[in-house]
Amino acid sequence: MRSCDISREDALRLLKQFNKEHFHLQHALTVEGVMRYYAETLGYGDEADFWATVGLLHDIDFELYPEQHCQKAPELLRAGGVSADMIHAICSHGYGICCDVEPEHEMEKVLFAADELTGLIWSAALMRPSKSVTDMEVSSLRKKFKDKKFAAGCSRDVIRTGAERLGWELDRLFEQTILAMRSCEAQVAAELPGLCE
């Protein structure tokens with residue numbers, strides 16, 4: 001079992017040290033919630049804090065060092081007291097994109113697959129009257145995924161590769177990540193204003 005060696009309070013403090021933008025903080029909180037959901041649904045409930053913290057800190061270096069994403073992260077994370085195991089997990093989501101740390105554990109494969117997808121789902125949610133994932137269906141997301149002009153910054157290739165690494169059909173990844181985002185949407189919305197102060 002992989003246990004978390006940094007408290008959520010300390011992880012949030014570390015995140016805020018290098019991230020100020022509303023979008024980046026919202027994304028971090030969303031991926032944190034998504035990873036906790038996946039830990040609990042895939043049978044890793046005893047590692048949920050570890051999975052969630054990896055999600056929270058996964059883009060720690062992106063706002064200040066976008067050209068060195070996943071390369072600057074180890075230095076920032078080590079200085080914050082984060083373990084080598086967690087640093088590996090965090091950096092693995094950039095495999096083949098901006099680093100050579102390969103996702104090995106199922107948790108790392110989930111992060112690789114779901115990270116990019118959360119951006120696409122959130123963009124699609126903002127187009128809905130509800131501005132929420134609570135009423136989003138897989139069929140609706142599938143249409144947005146096929147429209148390459150929609151949320152063009154969200155790499156479809158990364159999402160496809162992530163699903164393949166997990167051995168999942170795309171629809172399973174879509175459905176589970178929508179459910180994961182539903183599970184944390186209200187909490188993210190409630191916490192974000194205080195985090196952005």
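Tutor: One definition is needed at the start: a crossing counts as left-handed if the near helix is turned anticlockwise from the far one by less than a right angle, and as right-handed if the turn is clockwise. Please also keep in mind that this is a predicted model.

Student: With that in hand, which handedness does the crossing have where α2 passes α6?

Tutor: The helices concerned are α2, residues 22–41, and α6, residues 106–126, whose axes come within 10 Å and cross at roughly 130°. As α2 passes α6, the crossing is right-handed.

Student: Are α2 and α6 parallel, antiparallel, perpendicular or oblique to each other?

Tutor: The axes of α2 and α6 cross at roughly 130°. Angles over 145 degrees would count as roughly antiparallel and those from 65 to 115 as roughly perpendicular, while the rest, apart from angles under 35 degrees, are called oblique. The relation of α2 to α6 is therefore oblique.

Student: How many nonpolar residues does the contact of α2 with α6 have?

Tutor: On the α2 side the contact is made by Q26, H27, T30, V31, V34, M35 and Y38, and these meet M107, V110, L111, A114, D115, T118 and W122 in α6. Divided by class, this contact of α2 with α6 has one charged residue, four polar ones and, as the nonpolar count, nine.

Student: Turning to α6 and α9, what is the angle at which they pack?

Tutor: A pair of packed helices is described by the distance between the axes and by the angle between them. For α6 and α9 the axes lie 10 Å apart, and the packing angle is about 70°.

Student: Which word describes the orientation of α6 to α9, and which residues of α9 make the contact?

Tutor: An angle of about 70° makes α6 roughly perpendicular to α9. From α6 the contact draws on A113, A114, L117, T118, I121 and W122. From α9 the contributing residues are L173, F174, T177, I178, M181 and E185.

Student: What is the distance between the axes of α2 and α9?

Tutor: The crossing of α2 and α9 is right-handed, and the two helices are oblique to each other. Their packing angle is about 130°, and their axes are separated by 7 Å.

Student: How many charged residues are in the lining of the largest pocket?

Tutor: Among the residues nearest the centre of this pocket are D59, D115 and E116. Sorted by class, the lining of the largest pocket has 14 nonpolar and eleven polar residues, and the number of charged ones is five.

Student: Finally, what is the volume of the largest cavity?

Tutor: The structure holds one cavity of 30 Å³ or more. The largest cavity is lined by L15, N19, H24, H27, A28 and D59, and α2 gives the most to this lining, with three residues. By class the lining divides into two nonpolar, three polar and one charged. The volume of the largest cavity is about 30 Å³.

Technical notes
Residues numbered from 1 in each chain as written. Predicted model: local features only at pLDDT ≥ 70, side-chain atom pairs only at ≥ 80, totals over all residues. Heavy atoms only, no water. Axes fitted to C-alpha atoms, helices over the stretch in contact; angles between N-to-C directions. Helix = DSSP H or I, 4+ residues; strand = E, 2+ residues; numbered from the N terminus. Contact = heavy atoms within 4.5 Å. Nonpolar A, V, L, I, M, F, W, Y, C, P; charged D, E, K, R; others polar. 1 Å grid on protein atoms, 1.4 Å probe; cavity = no way out; pocket = protein on both sides within 12 Å on 5 of 7 lines; lining within 4 Å. Points joined across faces, edges and corners; volume = space filled by probe spheres on them.
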